[in-house]
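Open the structure in your viewer and get ready to select residues by number. The tour moves from one stop to the next.

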Amino acid sequence: MSVDDDAAALALLQRAGYYTLSGYSHTFRLKTTQGDRTERFREGTAFESIHALWSFDNRLRAATFASVQTVETHLRALIGYSLGAVDPLIHVKPELLSISKMHDYRLWSAKLARKVKDSREDFVIHHRDNRENVIPVWVAVDVLDWGGLSYLYSFMPIREREAVAGHFELSAAQLLSWLRALNTVRNVCAHHSRFFNRHYAVSPKLTRPGENLALDEIAVSKQSTFGMLSLIRHLGSQTQGHNQRLLPAAVSSFPPDTGLNFGALGTTEDWQTFHLWK
């Protein structure tokens, strides 16, 4: 790997850390005949390219996290309102829910109780001190993280679950799989992990081929970072106040002179022609 400016390289290593940056150099390492990465780099690999990818990844994570937050806020409101209309305390009444595994519900309920007990949020303290610690579901949803919110969605009565999914033009099974897939995305962004060229184990359910052209276009990339960003784009299109310019601007800033192309994100050079990205 060539290094044109030693001082700048050392400054970046001190700021970001060697092992953080080494993750961005992995793609440039030559492979053995068995497919394993070696310690040697492709000819022409420059430290400046590693820096450019790291900077791009920071921009992409920040834009993704901001985009996910608006969707998450809207989802909390939808779930809170929908469940609250059935019973303000439905989350502590399993007989009113649709639970496939009671073990999961008990674990979720215990985690929620700990979060309520440990919370220092004013709205939680108000209910603990003035409402005899009765926490209605529209308060509980604001205590849950994305994973906890996903579980609560999976426990919702079928009719309410379908209603929330319908708001996003999805089925209940599809939305649940999207929430579980995006939980990983949110965690990667929150913990500043390498993001742009990941592959995701959780496969989101899409509509049947021919039912939704926009989702058909991302079917082959649905387990890539671009696929996950496309899910956020779809959810964001049904979320009032969502900034639909953030993600295209971040993806467009992919550094062109690194030797990599948009395939690293899981898409093609014509990604801006896709319905979800126009």
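**Stop 1: helix 7**

Select residues 146-155, helix 7: nine of its ten residues are buried, so helix 7 is largely enclosed by the rest of the structure. Buried means under 20% relative accessible area, exposed over 50%, and partly exposed in between (1.4 Å probe, protein chains only). Helices are DSSP runs (H or I, at least four residues), numbered from the N terminus. This is a predicted model: local features need pLDDT of at least 70, side-chain atom pairs count only at pLDDT 80 or more, and totals for chains, interfaces and linings use all residues. Residues are numbered from 1 along each chain as its sequence is written, and side-chain values use heavy atoms, leaving out hydrogens and water.

Colour the buried residues, among them Trp146, Leu149 and Phe155. Now show helix 3 (47-86) and helix 9 (172-190), which are included in what covers them.

**Stop 2: salt bridges**

How many salt bridges does a search of the whole structure find? Eight. Each is a side-chain nitrogen of Lys or Arg within 4 Å of a carboxyl oxygen of Asp or Glu.

Select arginine 76 and glutamate 72: their side chains meet in a salt bridge (2.4 Å, N to O). Both lie in helix 3, four residues apart, about one turn of the helix. Arginine 76 counts as buried, at 11% relative accessibility. Glutamate 72 is buried too, at 5%.

Next, pick glutamate 211 and arginine 208. Their closest N and O atoms are 3.5 Å apart in a salt bridge. Glutamate 211 counts as exposed, at 51% relative accessibility. Arginine 208 is exposed at 61%.

Key
Helix = DSSP H or I, 4+ residues; strand = E, 2+ residues; numbered from the N terminus. Contact = heavy atoms within 4.5 Å.
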